[in-house]
Amino acid sequence: MRTFRTWMAAGLMGCAATLGVRAQDVQGFVHEQSDASGYVWPEDRQVREKLAEWQDQKFGVLFHWGLYSVPGIVESWSICSEDEEWIPRDTTMSYDEYKRWYWGLKDRFNPTGFAPEQWAAVMKDAGMRYMIFTTKHHDGFCMYDSKYTDFSIARGPFRTNARRDVARHVFDAFREAGFMVGAYFSKPDWHCPWYWHPYFATPTRRHNYKKERHPDWWQRYQTFTENQLLELTAGYGPFDILWLDGGWVTGEDVHLDNVLARARQTSPGLISVDRTIRGRNENYQTPERSIPDRQLSYPWESCLTLSNDWGWTPNAPYKAPERVIAALVEVTAKGGCLLLGVGPTPEGTIEQPVVERLHRVGEWLRQNGEAIYATRPTPHYHDGHVWFTANKDGRTLYAIYTVEEGEALPAEIGWTKNLPKGKMYLLQTGKRVKYAVDGERVTVSLPQGLRSESLVFRFEAE
Ligand code: GLC
């Protein structure tokens, strides 16, 4: 079985060999997941409806764009002094010098090529249907014009640009293109002096003082964060999703219940993703850089990177379209959505290698999308390289055979159970294919001359 684990391991080994990247570049940071038993179905009918609508979209994009995109390094984490191999940092500088250099990137971030319409066109061409954008990552740099800080794209060299309020233009371009739209927001803020207080060192991702000794500092951090969440949800909506990262700060810490109650007045049914914090404000779960090993009975989304990093890096080792398609198929068969991480360049565009790969994913979806979008998981969902999804009509099944890059198609494809009755069609050609059933086993004979790509067979189930 080619699960995501092998999918990722093969890719990482491949890129490490060809590009000679350092070990820390290929180590993903994976948060703990909420306990499955902790899923709480939302009480708000509009949230449940929006969740159902979102579950039909299946494929989305997660943009990481921020200060770290300027030099093309790991997102935010290099200024956090935790001794982890996945946090690379320039070793020629002391930690303090390094942080000064990093904060100084705000004076270099001037994305004069910023073209959110191009982003939306590329993602639409890829067959994506929802998008999440980093309004503020852990480093605290705002990609929108926050009135609570000067540390933002709108107050640096880009301030004279008509599109300095970057996030607004990103959200608008994607709404215009018909996407469901979400805001990524990091609850931790390493630039906020009430979170990482300048009086103390900054050894970990957490606030760097004792709350009991400095309750006023913590309270200021709470108010600051709540204010930012309120200005964002009131001023940049309506949103479909609020995607909150940094689960070591809780929803209570930033008065999330209040934020959501207010936000849902202007964004009815807003889906709250308070990541890794099970309970009423984690309306769907978000396994990161991995695909669950089985179907899950509640709403979820795997977030995977197209490259190895979330943000843009130079000469990134992008995954092949075949692997993106295989991941989308596996996630769909298991009942989830796929959120693919893409990093816009420091100039503000989606670079050509991404455009090309995603175009091929989109080509496949234009032909085979009926086996993905708005489908439902079916109890018997997997057999070898074949994954199954079901049409909402409750009769039509899709069997999807996934290929790897460069793989030659076999002459026959088989699976057990999910037996067809009547005609079977191959979506790549739109034509009928011959099959035989022997007991529990189905064997399909492939016609000559097919393109080597993942194949979808449509049939009515017995
Ligand atoms: C993790 C990382 C964060 C990244 C996110 C994307 O939470 O801490 O840097 O933005 O994953 O899923």
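Helices here are DSSP runs of H or I, at least four residues long, numbered from the N terminus. The model is predicted.

**Helix 5**

Helix 5 covers residues 166–176. Just after helix 5, Gly 178 takes a positive phi of about 85°. Which residues of helix 5 are buried? They are Val 166, Ala 167, Val 170, Phe 171, Ala 173 and Phe 174. Seen down the helix axis, these buried residues fall within an arc of 160°, so they line one face of helix 5. An α-helix has 3.6 residues a turn, so residues three or four places apart point the same way.

**Ser 76**

Ser 76 sits in the loop between strand 1 and helix 3 (95–104). Is Ser 76 buried or exposed? Its relative accessibility is 0%, so Ser 76 counts as buried. Beyond its neighbours within four places in sequence, Ser 76 contacts Tyr 68, Tyr 102, His 137, His 138, Asp 139 and Trp 190.

**Helices 8 and 9**

Helix 8 (residues 321–333) packs on helix 9 (residues 352–368) at an angle of about 50°, with the axes 8 Å apart. Helix 8 is therefore oblique to helix 9. The crossing is right-handed. From helix 8, the contact uses Pro 321, Glu 322, Val 324, Ile 325, Leu 328 and Val 329. From helix 9, it uses Arg 357, Arg 360, Val 361, Trp 364 and Leu 365. By class, this contact has 8 nonpolar, no polar and 3 charged residues.

Note on methods: Residues numbered from 1 in each chain as written. Predicted model: local features only at pLDDT ≥ 70, side-chain atom pairs only at ≥ 80, totals over all residues. Heavy atoms only, no water. Axes fitted to C-alpha atoms, helices over the stretch in contact; angles between N-to-C directions. Helix = DSSP H or I, 4+ residues; strand = E, 2+ residues; numbered from the N terminus. Parallel < 35°, antiparallel > 145°, perpendicular 65-115°, else oblique. Left-handed = near helix turned anticlockwise from the far one by under 90°. Contact = heavy atoms within 4.5 Å. Nonpolar A, V, L, I, M, F, W, Y, C, P; charged D, E, K, R; others polar. Buried < 20%, exposed > 50% of the residue type's maximum accessible area, 1.4 Å probe, protein only. Arc of directions from axis to C-beta.
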